[in-house]
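Open the model in your viewer and keep the sequence panel beside it. We will go from the whole chain to single residues.

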Amino acid sequence: MPRVSVGKVADLPQGKLVGADIDGEKILVANVGGSFHAMRSTCNHAGGPLHQGKLEGKIVTCPWHGSQWDVTNGNLVWFQRPLPNEPVYKVLVEGEHPQNPGSVMIRFDRGRITPGLRVPPSWLGLALGNSCTVLG
Ligand code: FES
């Protein structure tokens, strides 16, 4: 499966969200208390960009209409009506070292992310032919 880096650990401090477009799939990666979590970033309600939302603890609030999601499990926490949960994906952090900060790696396979295997040298690496762009 293709491997993609979405950033370095040092660039994803606690409470920060980053978005990535991986082969057309919008993904958010969140640092929650030092643990990294990945979830689909396209809100189930009307397609809002969840990676542009506000992260408080493990809850991200959609910037469009305020739905709230638990980034650790993709569950809907609050909205005015039921919505399907968002898919979540495993994230692997490798290579943490003071002189060589590690990267947050994901492995992407048709909408699913599983742990990656290596550390690319730079922020937002591109690996194995996947198209990956940081959304901010
Ligand atoms: S698009 Fe996210 S709550 Fe409406």
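Begin with contacts across the whole chain: two residues are in contact if their C-beta atoms, placed from the backbone, lie within 7 Å. Among contacts between residues at least 6 apart in sequence, 49% join residues at least 24 apart.

This is a predicted model: local features need pLDDT of at least 70, side-chain atom pairs count only at pLDDT 80 or more, and totals for chains, interfaces and linings use all residues. Residues are numbered from 1 along each chain as its sequence is written.

Now colour by pLDDT, the predictor's confidence in each residue, from 0 to 100. The chain average is 74, and 66% of the residues score at least 70. Select residues 109–130: pLDDT stays under 50 there. Where pLDDT is low, the predicted coordinates should not be read in detail.

Switch to cartoon view. You will find 0 helices and 13 strands. Both are DSSP runs, numbered from the N terminus: helices are H or I, at least four residues, and strands are E, at least two. Strand β6 (residues 59–61) has the highest mean pLDDT of the elements, 97. The lowest, 42, belongs to strand β12 (residues 112–114).

Next, select β5, β6, β7 and β8. They form an open sheet in the order β5-β6-β7-β8, with antiparallel pairing. Strands pair if DSSP finds at least two bridges between them. β5 (54–56) and β8 (76–78) are at the edges with a single partner strand each, so one side of each has no neighbour in the sheet.

Zoom in on β7 (residues 68–70). Its antiparallel pairing with β8 runs over 2 bridges. What stands opposite glutamine 68 in β8? Tryptophan 78 does.
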